[in-house]
Amino acid sequence: MEVILLERIAKLGQMGDVVRVRDGYARNFLLPKGKALRATKDNRARFETMKTDLEARNLERRGEAEQIAAKLNGQTFIVLRQAAETGQLYGSVSARDIIALMAAGRFLVDRSQIELNAPIKVVGVHVVPIALHPEVGVTITINVARNKDEAERQARGEDVKVRRDVDEAEAAGEIIAPDEFFEQPETVAAARDDQGVGAEKAG
C-alpha cells in the first residue's frame, strides 16, 4: 500500500513522502495512529492543505520533546528482581515495567516510544533508547540487580555475577588464599635446616 507520511518515520521517510509499506503495517499502525494517509488523489490534495498545520504541530511537539530530553537523557533507573546465581532473572523487565519506573520519576512516555527489542532477562546495566519524538531520541540506563548493594556495585562498573561466584567459592572454602598455597620463607628455611642443608654449607 502507498501512503503519505504525516510525520517523519525512522527508516521510512520524512513528512510528506509517499512510500510503499506492507498493508498490515499501514492498517494496524500508520493509519490508525494518524501517522499517514492512503496515497489517493484526494488525500494528496488534502495533505497540501494540512501541511502548514502539520509542520507547526511537529515543531511544537519537538520543542516539548527537547525539554523532556534535557532532563531525561542519561537517567538511571534501578530495578530489583530475584535472579538465579548465573544472573538469569526469574521473569523479565518489560517495556511496561520501564514505563512504570519512568512514571514514578514523573516522566510520562508511551509504550511505542520505548525502543526495547526484547525484555531484559539478566541482571546488569542495560542501555535503553527512548524516542520522545521522531527527531528527538535519548537513552536511559536500567540497572537490574538482586538488591541495592548489587545495584551500587554495578553502577561502579563491577560485574556482580563474577563477584558473586568468587564470594560464594570463598565462603565454601573452594578458594585457597595465596599464603595458604605457598610455603612461607621461614617454613622453607626451617625445613632446610632439618635436612642438614645449613650444616653442609658450614662444613
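**Entry 1. An aromatic pair**

I began with Tyr-25, which is partly exposed because its relative accessibility is 33%; buried means under 20% relative accessible area, exposed over 50%, and partly exposed in between, with a 1.4 Å probe and protein chains only. The model is a predicted one, in which local features need pLDDT of at least 70 and side-chain atom pairs count only at pLDDT 80 or more, while totals for chains, interfaces and linings use all residues. Residues are numbered from 1 along each chain as its sequence is written, and side-chain values use heavy atoms, with hydrogens and water left out.

I searched the whole structure for aromatic pairs and found 1. Tyr-25 and Phe-29 form this pair, which is stacked, at 5.5 Å centre to centre and 20 degrees between the planes. For the term, I took rings of Phe, Tyr and Trp (its six-membered ring) as paired if their centres lie within 6.5 Å, with planes under 30 degrees apart counted as stacked, over 60 as edge-to-face and the rest as tilted. Phe-29 is also partly exposed, since its relative accessible area is 25%. Both residues belong to helix H1 (residues 23-30), and because they are 4 residues apart there, about one helical turn separates them.

**Entry 2. Confidence and overall make-up**

I looked up pLDDT, the predictor's confidence in each residue, from 0 to 100. The chain has a mean of 84, and 79% of its residues reach 70 or more. Strand S6 (residues 120-122) has the highest confidence, at 96, and helix H8 (residues 197-202) the lowest, at a mean of 47. Over residues 197-203 pLDDT stays under 50, and the model has 4 contacts beyond four places in sequence for them; contact means heavy atoms within 4.5 Å.

I noted 8 helices and 8 strands in the chain. These are DSSP runs numbered from the N terminus, helices being H or I of at least four residues and strands E of at least two. Of the 203 residues, 31% are buried. Among contacts with a separation of 6 or more, 51% come from residues 24 or more positions apart.

**Entry 3. Nonpolar cores**

Which residues have the most contacts inside the largest nonpolar core? They are Ile-98, Met-102, Ile-130, Ile-140 and Ile-142, in a core of 26 residues. A nonpolar core here is a set of buried Ala, Val, Leu, Ile, Met, Phe, Trp, Tyr and Cys residues joined through side-chain atoms within 4.5 Å. Two or more residues come from each of H2, S4, S5, helix H3 (95-104), strand S7 (124-133) and strand S8 (136-145). S8 contributes the most, with 5 residues. Beyond four places in sequence, Ile-98 touches Val-93, Ile-114, Leu-116, Val-128, Ile-140 and Ile-142. Another core, of 9 residues, lies apart from this one and includes Met-1, Val-3, Val-19 and Leu-30.

**Entry 4. Salt bridges**

I searched the whole structure for salt bridges and found 10, the criterion being a side-chain nitrogen of Lys or Arg within 4 Å of a carboxyl oxygen of Asp or Glu. One of them joins the side chains of Lys-35 and Glu-7, at 2.9 Å, N to O. Lys-35 sits in the loop between H1 and strand S3 (36-38), and Glu-7 in the loop between strand S1 (2-5) and strand S2 (18-20), so the pair ties together parts 28 residues apart in sequence. Lys-35 is buried, at a relative accessible area of 18%, and Glu-7 is buried, at 13%.

Arg-62 and Glu-66 meet in a salt bridge at 3.1 Å, N to O. Because they are 4 residues apart in helix H2, about one helical turn separates them. Arg-62 is partly exposed at 31% relative accessibility, and Glu-66 is partly exposed at 39%.

The side chains of Glu-150 and Arg-146 form a salt bridge at 3.0 Å, N to O. Glu-150 is buried at 3% relative accessibility, and Arg-146 is buried with a relative accessible area of 15%. I also recorded a network of salt bridges that links Glu-2, Arg-20 and Arg-44.

Is Thr-86 buried or exposed? Thr-86 is exposed, because its relative accessibility is 60%. Thr-86 lies in the loop between strand S4 (76-80) and strand S5 (88-93). Leaving out residues up to four places away in sequence, Thr-86 touches Arg-146 and Lys-161.

Asn-58 is part of helix H2 (residues 41-72) and is buried at 15% relative accessibility.
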